[in-house]
Amino acid sequence: MKVIGMISGTSHDGIDVAVVDFELTDGVLHGRVGHTASTPYPEELRARLIAALPPAAATLAEVCVLDTLIGQCFAEAAAAAIAAGGPADLIVSHGQTVFHWVEQAHARGTLQIGQPAWIAERTGTPVLSDVRIRDITAGGHGAPLVSVLDGLLLGAYDGGAGALNLGGIANMTVVRGAELYAYDIGPANALIDAVVTGRGLNPRGFDEDGRIAASGRVRPRLLEALLDEPYYRLAPPKSTGKELFHPGYVEEALARTGGATGGAAGDAAGGEVGDADLVATLTELTVRTVAHDVRAAEVSTLVVSGGGCRNPVLMDGLRSALPAVDVRPSDDLGAPADDKEAIAFALIGWLSAHGLPGTVPGGTGARAARVLGTLTPGAGPLVLPAPLAGSPRALVLAR
């Protein structure tokens with residue numbers, strides 16, 4: 001069964017696509033990863049999306065417009081994937097998260113937009129969407145859903161393994177034999193990207209190759225204030241997003257520590273925090289929070305994916321802070337680091353199509369595993385494979 005997985009993550013910079021051809025043999029699911037791509041949002045759409053995200057107040061009219069525009073972008077990305085990799089049996093669209101509602105450490109709701117009917121109409125292929133909410137109704141956080149992939153990939157590691165995704169938010173799955181738990185650690189690139197974008201430091205919206213962080217120095221007082229965030233002290237399962245870690249969060253921390261005026265000239269000034277110093281400090285925040293939780297997990301191997309694993313300052317910081325841990329990219333397991341989440345949603349599509357749960361309770365905190373998603377028919381009748389009695393015991397990925 002060939003499935004196309006699609007997601008725009010918390011960096012909200014574009015759409016990642018992965019085409020995976022799945023075959024189940026003797027309880028082991030084999031996935032051949034074919035075409036992969038990353039399609040940036042048009043600049044105007046990305047700016048409009050950023051302007052509508054919390055803590056901004058967005059009208060229902062704007063949400064409706066963005067739902068359509070993003071759905072159309074996903075439809076074009078899906079059509080391009082089919083043109084490159086051939087027809088698919090199912091498309092899974094995660095869409096774009098615009099709000100993740102958490103109160104008192106409990107997820108109450110989540111909203112992903114990007115109308116799936118545009119994808120089905122453009123491609124004629126059935127679409128699975130709205131994949132997080134069923135887990136939330138079962139008491140889970142609806143995140144990190146990639147933990148179902150991590151459990152199948154990492155179960156055989158001796159000494160336990162952690163799967164770390166460094167997207168906008170850093171999340172980690174810990175697998176030790178039959179034990180699995182997962183949660184959002186905190187910001188990975190979210191705050192860095194917000195500063196780079198807001199201060200016009202790179203038109204691409206991120207710290208490319210960690211060059212900005214490398215040119216700055218960490219400001220201890222600001223770092224201590226950022227590390228004092230109560231979210232880090234919550235016990236998993238837990239989830240977070242840009243509802244908490246948004247541009248105003250950084251400005252508030254600067255104001256509390258007397259470095260609010262900033263600017264490039266502030267690098268050499270006493271109380272002010274210049275742009276490069278700010279990016280360096282936010283990068284170190286990710287290093288400190290992630291390393292703390294990896295040490296607490298006591299794993300011997302850490303498999304890293306997401307855009308942050310292409311930042312040498314961030315990765316060198318993690319390796320330095322975790323000398324006893326084998327830190328490696330997810331590419332080593334057949335899941336290209338930039339495409340792993342799209343592959344995970346393709347897997348969830350295969351599971352849902354076969355009537356199998358796409359969650360692990362330890363991964364999201366739900367009462368029990370659930371089959372995920374809502375189906376939109378394609379051009380013809382909706383025909384699903386025969387349900388399977390049980391889930392695969394392992395997953396092997398290859399190109």
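Me: What makes Y231, Y232, F245 and Y249 a cluster?
Reply: Ring pairs link these four residues, and rings of Phe, Tyr and Trp (its six-membered ring) pair if their centres lie within 6.5 Å. By the way, this is a predicted model, where local features need pLDDT of at least 70, side-chain atom pairs count only at pLDDT 80 or more, and totals for chains, interfaces and linings use all residues. Residues are numbered from 1 along each chain as its sequence is written, and side-chain values use heavy atoms, with hydrogens and water left out.

Me: Why is the pair of F245 and Y249 called edge-to-face?
Reply: Planes under 30 degrees apart count as stacked, over 60 as edge-to-face and the rest as tilted. F245 and Y249 have 70 degrees between their planes, so the pair is edge-to-face.

Me: How do you know whether F245 is buried or exposed?
Reply: Buried means under 20% relative accessible area, exposed over 50%, partly exposed in between (1.4 Å probe, protein chains only). F245 has 1%, so F245 is buried.

Me: Why does K238 count as lying over the face of Y231?
Reply: The rule wants NZ of Lys or CZ of Arg within 6 Å of the ring centre and within 35 degrees of the ring normal. K238 lies over the ring at 4.4 Å from its centre.

Me: What makes α5 roughly perpendicular to α12?
Reply: Helix α5 (residues 147-154) and helix α12 (residues 340-353) pack at about 90 degrees. Angles under 35 degrees count as roughly parallel, over 145 as roughly antiparallel, 65 to 115 as roughly perpendicular and the rest as oblique, so α5 is roughly perpendicular to α12.

Definitions and conventions
Axes fitted to C-alpha atoms, helices over the stretch in contact; angles between N-to-C directions. Helix = DSSP H or I, 4+ residues; strand = E, 2+ residues; numbered from the N terminus.
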